[in-house]
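Have a look at the model first, then read on.

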Amino acid sequence: MADQAEYPIGIDLGTTYSCVGAYMGEQVEIITNDKGNRTTPSCVAFNDETAMVGEAAQDQASWNVKNTVFDIKRVLGRSYEDSQLQEDIKLWPFKVRDRDGMPVIEVLFKGKVAQFSPEEISAIILGKLKKTAEMKLGVVKDAVITVPAYFNNAQRQATIDAGESAGLNVLQVLAEPTAAALAYGLEASSPGIKNVLIYDLGGGTFDVSLLTIEGRVFKVLATSGNTQLGGEDFNTLLVKHFIEEFNKVHRCDISTNPGAVRRLRVACERAKRKLSFITQISVEIDGFYDDIDFQSVLTREKFEQVCEHLFASTLDCVSKLLGDASLEKTQIDKVVLSGGSSRIPKIQQLLSEYFDSDMLDTSIDLDEAVARGAAIQAIMLKGGSINGIKGMCLVDVSSLSLGVESNWYTMVKIIKRSSTLPAAADHIFTTTSDYQKAVRFRVFEGESSVTEENFLLGEFLLEDIEIEKKGVPKFIVSFQIDLSGILHVSAKDKTTGVHKDITIHYRNRSAQKTTVTPDTS
């Protein structure tokens, strides 16, 4: 690279923790924040003077409960009425409001009620990571930001919007397990073709991807996952378990006390982490509720029992993935673990029983692998070399099918799931009534043949078309997906030549850069 100002960065924008790295000196370097930590809590807190990010926000969460925002990744790209979001809202102490059908976070900031979109909150976190990188690299402009493999078009677009609002040129949004595979593949030395399964269980999302690695060529075959499954969900189950236990003993309902629930959640998170190394731990909180101390014991066995169904559901995704790729589990050469939650002993036990135990690979850093892979992709997109070799290549795929609504509310799939990116395809449609003057196209994402069971990405009207009896006019609808998984659509009347080109956006992307400057002191 010519100088420090030209280093692109890789960002793992996580649900609970985020990480930033850059490829420099023939290796990826994870950049420590101002507290000396290699990961930064994905947490933003507001008070009468400023907005705090990371550890500073996390440290005051127990007493500034309603103005401390976390898990924002689970809000990105969702409508307010989204059923999964509504379930999450019940668990959060901060307020989520409906603004024109979209969720906004409401807090007290500088003595006034303020509302922030999920992109604005995410931009504050990304701005912190950008500043962290600039302390090491100088001016930073370009970045690859990772997203769950199963993020849909709206969630990917919202991530790009957040990055741009933070002052970054987003080179690509890259699937997290694909990024982890790049980090793994850079270190892998065995020659020949490998079928590698990436099992990525993080704080808020679960992804599993299957790749072939041949030399320096990484090809994604299929992806599966659940954007609402991760360490936070395990914490939630533990919180519910202890609330029931406390209520039974003391005959009082603490679920309506945000401060108590927040303190319990933090205690559950710590206990869960320690149970990866020990088999039993005391959970204690002084002055927990009405001067009553909380004291209990959590065993690894009880934790596994409480979360058993969620652990098992990850294997359902693995089975689905193998089916999509038409591979048997015996054809997998390595199962690479990524994400902090994959440290859980029960998870590793289940995978060892499903595959051969010697297939599990924990050689990459579980917390840093995704950021490392993003940094590798960033340098490749900027034309840099990896360990002196320019031949490194990544071939990714689409995570969900994309199509247009046809008769009887059915979906015609134009680009199918697991299509190689970038992808392009078209389909010919016609009118359903005599002498139509316009035709409306509704674009959906999902696997069901019934559109109402899929996700509506957007719709548009093609006017001034050929006016004829039904079935006579012909319209070519073309889909293109770029490397970030963002959809571009065009429709053209074959007779009149009238056409329309649009990019399917989650919302108006004219949003200005965030005006909130976080306190990084």
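How much space lies in the largest cavity? About 80 Å³ of space lies there. This is a predicted model, in which local features need pLDDT of at least 70, side-chain atom pairs count only at pLDDT 80 or more, and totals for chains, interfaces and linings use all residues. Residues are numbered from 1 along each chain as its sequence is written, and side-chain values use heavy atoms, with hydrogens and water left out.

**Cavities**

- A search of the whole structure finds 3 cavities of 30 Å³ or more (a cavity is a set of points on a 1 Å grid over the protein atoms alone where a 1.4 Å probe fits but cannot get out; lining residues have an atom within 4 Å of a point).
- Residues lining the largest cavity include Phe151, Asn152, Arg156, Glu445 and Ile481.
- By class, that lining has 4 nonpolar, 5 polar and 2 charged residues.
- The second largest cavity holds about 50 Å³ of space.
- Among the residues lining the second largest cavity are Ala149, Arg156, Thr223, Asp396 and Leu483.
- Its lining has 5 nonpolar, 4 polar and 2 charged residues.

**Cysteines**

- You will find 0 disulfides here (pairs of cysteine sulfur atoms within 2.5 Å).
- Cys43 is too far from other cysteines for a bond, because the closest cysteine sulfur, in Cys19, is 17 Å from its own.
- Cys317 is in no disulfide either, and the nearest cysteine sulfur, in Cys307, is 16 Å away.
- Cys43 is buried at 3% relative accessibility (buried means under 20% relative accessible area, with a 1.4 Å probe and protein chains only).
- Cys317 is also buried, with a relative accessible area of 13%.

Methods
Buried < 20%, exposed > 50% of the residue type's maximum accessible area, 1.4 Å probe, protein only. 1 Å grid on protein atoms, 1.4 Å probe; cavity = no way out; pocket = protein on both sides within 12 Å on 5 of 7 lines; lining within 4 Å. Points joined across faces, edges and corners; volume = space filled by probe spheres on them. Nonpolar A, V, L, I, M, F, W, Y, C, P; charged D, E, K, R; others polar.
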